[in-house]
There are 4 protein chains.
Amino acid sequence: MNLDPDLFPDAPDDDDHFHDECGVFAVYGHPEAANLTYLGLHALQHRGQESAGIATLDGAGKMHLHRQMGLVQDIFSPPVIAGLPGNIAIGHVRYSTAGASHVRNAQPFAVEHGGLGVACAHNGNLTNVEQLKAALDAAGSIFQTSTDTEVFLHLYARAPAGPIVDRVVHALRQTRGAYSVLFLVGDTLIAARDPHGFRPLSLGILNRAHVVASEPTAFDLIAAEFVRDVEPGEVLVIGPDGVRSLRPFDPAPSRFCVFEHVYFARPDSTVNGRAVYVARRRMGEILAAQSPIEADVVIPVPDSGVPAAIGYANASGIPFEMGLIRSHYVGRTFIEPAQSIRHFGVRLKLNPVRQVLQGRRVVVVDDSIVRGTTARKIVKMIRDAGAREVHLRISSPPTRWPCFYGIDTPTRRELIAASHSVDEISRYITADSLSYLSQDGLREAVGYPGGDGFCEACFTGDYPVEIIPAERLAMPRG
Amino acid sequence: MNLDPDLFPDAPDDDDHFHDECGVFAVYGHPEAANLTYLGLHALQHRGQESAGIATLDGAGKMHLHRQMGLVQDIFSPPVIAGLPGNIAIGHVRYSTAGASHVRNAQPFAVEHGGLGVACAHNGNLTNVEQLKAALDAAGSIFQTSTDTEVFLHLYARAPAGPIVDRVVHALRQTRGAYSVLFLVGDTLIAARDPHGFRPLSLGILNRAHVVASEPTAFDLIAAEFVRDVEPGEVLVIGPDGVRSLRPFDPAPSRFCVFEHVYFARPDSTVNGRAVYVARRRMGEILAAQSPIEADVVIPVPDSGVPAAIGYANASGIPFEMGLIRSHYVGRTFIEPAQSIRHFGVRLKLNPVRQVLQGRRVVVVDDSIVRGTTARKIVKMIRDAGAREVHLRISSPPTRWPCFYGIDTPTRRELIAASHSVDEISRYITADSLSYLSQDGLREAVGYPGGDGFCEACFTGDYPVEIIPAERLAMPRG
Amino acid sequence: MNLDPDLFPDAPDDDDHFHDECGVFAVYGHPEAANLTYLGLHALQHRGQESAGIATLDGAGKMHLHRQMGLVQDIFSPPVIAGLPGNIAIGHVRYSTAGASHVRNAQPFAVEHGGLGVACAHNGNLTNVEQLKAALDAAGSIFQTSTDTEVFLHLYARAPAGPIVDRVVHALRQTRGAYSVLFLVGDTLIAARDPHGFRPLSLGILNRAHVVASEPTAFDLIAAEFVRDVEPGEVLVIGPDGVRSLRPFDPAPSRFCVFEHVYFARPDSTVNGRAVYVARRRMGEILAAQSPIEADVVIPVPDSGVPAAIGYANASGIPFEMGLIRSHYVGRTFIEPAQSIRHFGVRLKLNPVRQVLQGRRVVVVDDSIVRGTTARKIVKMIRDAGAREVHLRISSPPTRWPCFYGIDTPTRRELIAASHSVDEISRYITADSLSYLSQDGLREAVGYPGGDGFCEACFTGDYPVEIIPAERLAMPRG
Amino acid sequence: MNLDPDLFPDAPDDDDHFHDECGVFAVYGHPEAANLTYLGLHALQHRGQESAGIATLDGAGKMHLHRQMGLVQDIFSPPVIAGLPGNIAIGHVRYSTAGASHVRNAQPFAVEHGGLGVACAHNGNLTNVEQLKAALDAAGSIFQTSTDTEVFLHLYARAPAGPIVDRVVHALRQTRGAYSVLFLVGDTLIAARDPHGFRPLSLGILNRAHVVASEPTAFDLIAAEFVRDVEPGEVLVIGPDGVRSLRPFDPAPSRFCVFEHVYFARPDSTVNGRAVYVARRRMGEILAAQSPIEADVVIPVPDSGVPAAIGYANASGIPFEMGLIRSHYVGRTFIEPAQSIRHFGVRLKLNPVRQVLQGRRVVVVDDSIVRGTTARKIVKMIRDAGAREVHLRISSPPTRWPCFYGIDTPTRRELIAASHSVDEISRYITADSLSYLSQDGLREAVGYPGGDGFCEACFTGDYPVEIIPAERLAMPRG
């Protein structure tokens, strides 16, 4: 029995990528806090297109909240922003999994407790949320959503009496898993990252205002300066007296999500100290060295495959071309037409440039393969456009395991690489050859040749935070 | 500090009436449960036009919920109803106070607890809600709304382990004030009325399905049969095995809201065993006897004043006419035009029939006067239409005290009868004479000449359930 | 072949009345012209609920137009009115026939011709519109709508060069049938009524501004004064130099629509010099004299039957009661629920008051019977509520013929009185007795005992303006 | 005096490009005609984002029409498509000039004439439209829009009696300027291109159905095959008996718009027999030869500058990189925030990749400069990201003259190259150097080294069809 009938959506995402589930943004101490947060969320839109929300605290201590389904630019019209006064704001964008869309699950989540408004915005995924919910339920808590964020707030509310920061730390200590989380409690903004630092979180400054964002590219848009990443296990407390840093957790090895480099983060971002564009181009260069092929042209699957394709072309000396054109008018709301003509599929998004492909031996560079269905369509499309050979190069290792730390992935059953060899996948997608970047190659590209400091569970199944076995086959909560 | 900036709206309701704050409806054991609930809520629309909601339990034990701002017929389109499967449903309509409109406060309120969906819909007002919230907050509960309903659910969740019904009774026992409340917990429907029975609640039957409604008129629309009123202090438990009746509270004197007879209930309803139309007509007859006047015509303020005006006309022998015409296209969303021409006011709703009024001595019958502003406009409108004399007759005693049991009333400061004599009010509204029905007259009309069994606090200030003094001047929560 | 697939809607109107097809309103010379027109249209909302529109002329000679489906109060929000600047405005409300709803057919209709904006708003129906369209089409005109209004504008544009007024008169002269029509051409407002004067049109004054409306009740709302009716065959020209009256047509006998008195006009209106409320009450009085019956109670079918029922009760001495309660939350958009429970029908609008009806001999007064289906349901409902006898009294003669002059009526086939005797109808609707007001009775009630000056074609089939035979069985255009 | 207050919008387009004003698509003889047209329009979305529309003819000879403001995928939901039955469809997308947005101007435009539905969809611009409108107006035509399309239909309606095709040709013969136009009259589809062939138009085939589109890339999406371009001056008549080709106009030199190659057409299209991607890449190659520079990196202004930048990089041997990232969540509806923080400007669309630019000598390739304001912002952004030098290369000659043949361009006053030398422009935009592709270079790239067959008026002011002098400084109609 469950309140949310859409908890386990089964409709596969039609662009066949893993997807980040959230982005967060905060401003402390600026009269245009909601406005800036809206711009920051706009820059983080790629991390979540289902819903967005902003909570602000006004000068009189009142909290204001607006959450809605849709894109940031459609939600935050001037009247909506005018209804979000105050110098402090936290914001959130949420990913649209195929079915679980409901404004009830939109963030920030806000409640009243102890005479204060308390708001929370979370990017990540707690692995012990079922146990925590069961214990809270037994103790008389009631749940309105299926979000981790509500659990955070229940834990906060039940923390021993004491200063706000202690209560937040008490709540965080009980959780396991991945979180880059923001709390707005009274006039205090708290930004925390789990001890392994799965998901990114950065601190910036805009004149005298402090800003926090999932990726520092969001600072560019508002002309704020990047200060530094919030560190794994760090709790930043931003209040009227400035910023304090706490380290309330036991030390743990850094486990930053390597897929942020492969696909999630924007190419103009720098995460975990490494420029994303440069890392992706480097993946392509190493891939060219590891899996060379005689060919006439290198083309990316746009837009995400572009930097790696440039790297592959540069390293191999094979000319780079845009052999596939992506339509930018395809939104998430696109409704395909009647069954009788619905075989068009991926053509709505991608179309080949025949003159680039005809009679050529083509290297196609993409960042990953999830189910293989889209890759298969793309290979067919390129071949139909006249390509003589189609060689697919993937700028990351095979994705064999679902993620439980804040990424929307299908179950193992659906991950083609979980049950098929590279050769089998190559045959399935009808490519002339298929190669993946090696794990060592990826490590080198993201700047940790020693192989430490990253979470690679989706490639290896080696989960840094224990997952309850039964869950390993199920979809995480989001 | 408060989450809801609109908690204490100050904009007076423009039709200057007391207003019921809610209506509830439930179906147990019918395959069209949501459909029937939608029709039932439509019949109860007069009890609340702000928002409406339905929660259903489907055969697989899943709860489905839809709540929205607006009128029942605009909310429950066929696709919405199709999304509410199941044999059990509870529904709610909520009154639109001027400012506190927010879908967050719409009902039913639904949460998950103990592996079950728990939904609650409430008509009434708890008088000890602040104390309960403070205690729950201190124990770690978090609040998302400013509704009594959320308090009910917190109390339920914190009740000692035990059968569902015991937990609900445990929750109810801690509350004070007025409630006609529905709980849907798992496959059990519980309908309870507070020991004083302030607000109405009736049981009906439709083939083998059980139905519950705030007023039995809602049964008419779905061709269900009225069985009996739920009694004050009674808890009805409707489950797979039928209906059980519990009496878990200490006995208390019946205190049914007399204003349901005066204005709230539909004229085609029967509440507390008395047909509303007949009671209102009788109010007019007694009023004619108590406050006779020589006049040429009796007119009602439509629509609520019609039965009493008919009674007054019958008893006095003065002809009944419709001297004021009410526009039925004026909704709550009506936006008045620019300041420069906004003196039209009440004309948007009412317009006089000059030929009925010109040169006549007119008796105008209305059910109550709250602030006096509307009455003053009506008297002026009738006089401007050529009436020679205007005598206002009110079919209830002067309303001098705010209600704390589920009715939206202004503070004492705004109640004109709280600080002015009948003569002063008559002068303010510029009537040639003004008379109210006496308290004894009202008692006789509603069929309890002995004067017992009803709550008359709005006339007398004699509150059956103690109100904390500080609150007596404030607006109740809604 | 036709542009409009909904030209001949076949869904019967669910409240089984004839319906007016339009209302018009204009303001000349007031800085709040759009605002006042919006209020005026609101007062005329009963004449058309499908769509509404306003065209204004601003100080720079630009025309502004807004038309939309829906109710006046939902369409004309402050921003919409702000987009309609100027001192001159014409407005229109249009009736919602079941299927032909399309914003393309909304009025005013506006075009550009001769360097001027030309707008037109029409209440009525042209009988030679097919011939005019055929001739215009042959001459190279193109049609975007199925409205008479577009025909008016084509005729205007093709009139011989000359002053604006001459061109408008030239256009009007070519038309046959019913029109109360407004033209806004440059800074001139022209209000014209066809020679027979089928539909009403009145002139009023507000300070120094002139106002025109389908019914003078619209003046009340804006505190304008009624000046006089525009006369049959009169063309009023309102310009910067004041009001001129022209009589450009051959004299014709007055043929005012008697059904405006029976049902269409608001009860607080005065049309054709006679107060509608008084006429209706008189219909009831005469009906009581013509068709007396021994009974215990007289009840109206609300709201339209109320004045006649009061008249019947007064004249017969039988007490008047509101035995049927009308829900005012049923809008035109009401969607009935699933087939399995849709037999509720008229209950959504009307509900009986059992205590008024039980064991009684009941006289029910309504204004007309169209198809008989609703009357049958009402009789059954009253009998089910316990009435001993049900006697239906209709305050107009049997409606046997469709209207071709601006009223939405079904074809003869659907008019029950066209093919059935009063006795047969009485049996069909299961009444104990049924009587209609006689034609002479109606003439007396509306103040023309001589029987001249009115159009009674719907009762007699005696059409004042010739109808092409083929059309007599079809639905008029709207 | 004008009906349309927004005829001459003054707000500059924020991405500072010329813009195509329309795209057209048609299907003849397919049961899913509306569905396929919707997909075709989706593929042509880049040619117009303001509004879209589809008209269909059903089997019973009825025309159905749906037009709406917005993007194709938001407009044509399944119910809307279901309301467009039939085997023949024509569709249109219209460009959103800053202010003239009104659904009244959306296309196809449809009327009824001669007992037939007549619909028209037009890409282009008539240069003698004012004279035509004046003459039609004098002859009694009325105008509801400010579009050329309505003029086409008036001319058709006034053509001498005769076969449909003759009437269409008669209408076309009276017009001057640019048109690729579709007529749907009865069951005949007519596709015509003006004698100079300014705008593209192609014929395709899908099984036995005929399809017509502004660009053949639209055929890809529906898996139709490209047959050939409709030729300049050709009129294709598609009817039940197949396709006929007429040449009813005097021969005229081909004047295909060269800017379709530079910017308008999709890179995956082939127009005028030349693959657009290849032409653009060649522009970059020639530009590299004509204007070499020592640099470290070549970057495009995405997305339109990508092929030329690849060409420039290939030809110069300087590495190609994506140094600017484009946000794909910026729609046309984006509302910039409050004044106080609105200096962000172009950052919402483009963001630099610092690691690609820092310390580098950067060649930036774009397709054109209109006002120079955006180029200036981009140069600054690249320099702020640390570039040592910024050299701007434009893959077309300076645009010095407005277009009157269907492209939305600013007046000469606003075109920076109309009044400034290349050096002055270079200083204004603060580039280290600026070069444009020469006219000869462009001719070579698009495959007509002889320099004939294209319209180059925006570079040369040499207008193939005479423009009335007064109009040369004004904005064309759209």
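Tutor: Two residues are in contact here if their C-beta atoms, placed from the backbone, lie within 7 Å. Keep in mind that this is a predicted model.

Student: Okay. How many residues does the contact take from chain A and from chain D?

Tutor: Chain A gives 50 residues, and chain D gives 50 residues.

Student: Which elements of chain A give two or more residues to the side that touches chain D?

Tutor: There are helices H1 (33-43), H3 (78-82), H7 (217-221), H9 (276-290), H10 (306-316) and H11 (354-357) of chain A. Strand E20 (350-352) of chain A is on the list too.

Student: Where does the largest share come from?

Tutor: From H1(A), with five residues.

Student: And what is that side of chain A like by class?

Tutor: It has 31 nonpolar, 13 polar and six charged residues.

Student: New topic. How many residues of chain D are in contact with chain C?

Tutor: 26 residues of chain D, and they meet 25 residues of chain C. Strands E4 (63-69), E6 (109-113) and E7 (116-126) and helix H5 (148-157) of chain D each give two or more residues to that side. E6(D) has the largest share, four residues.

Student: What about the classes there?

Tutor: The side of chain D that touches chain C has eleven nonpolar, eleven polar and four charged residues.

Notes
Residues numbered from 1 in each chain as written. Chains lettered and ligands numbered in written order. Predicted model: local features only at pLDDT ≥ 70, side-chain atom pairs only at ≥ 80, totals over all residues. Nonpolar A, V, L, I, M, F, W, Y, C, P; charged D, E, K, R; others polar.
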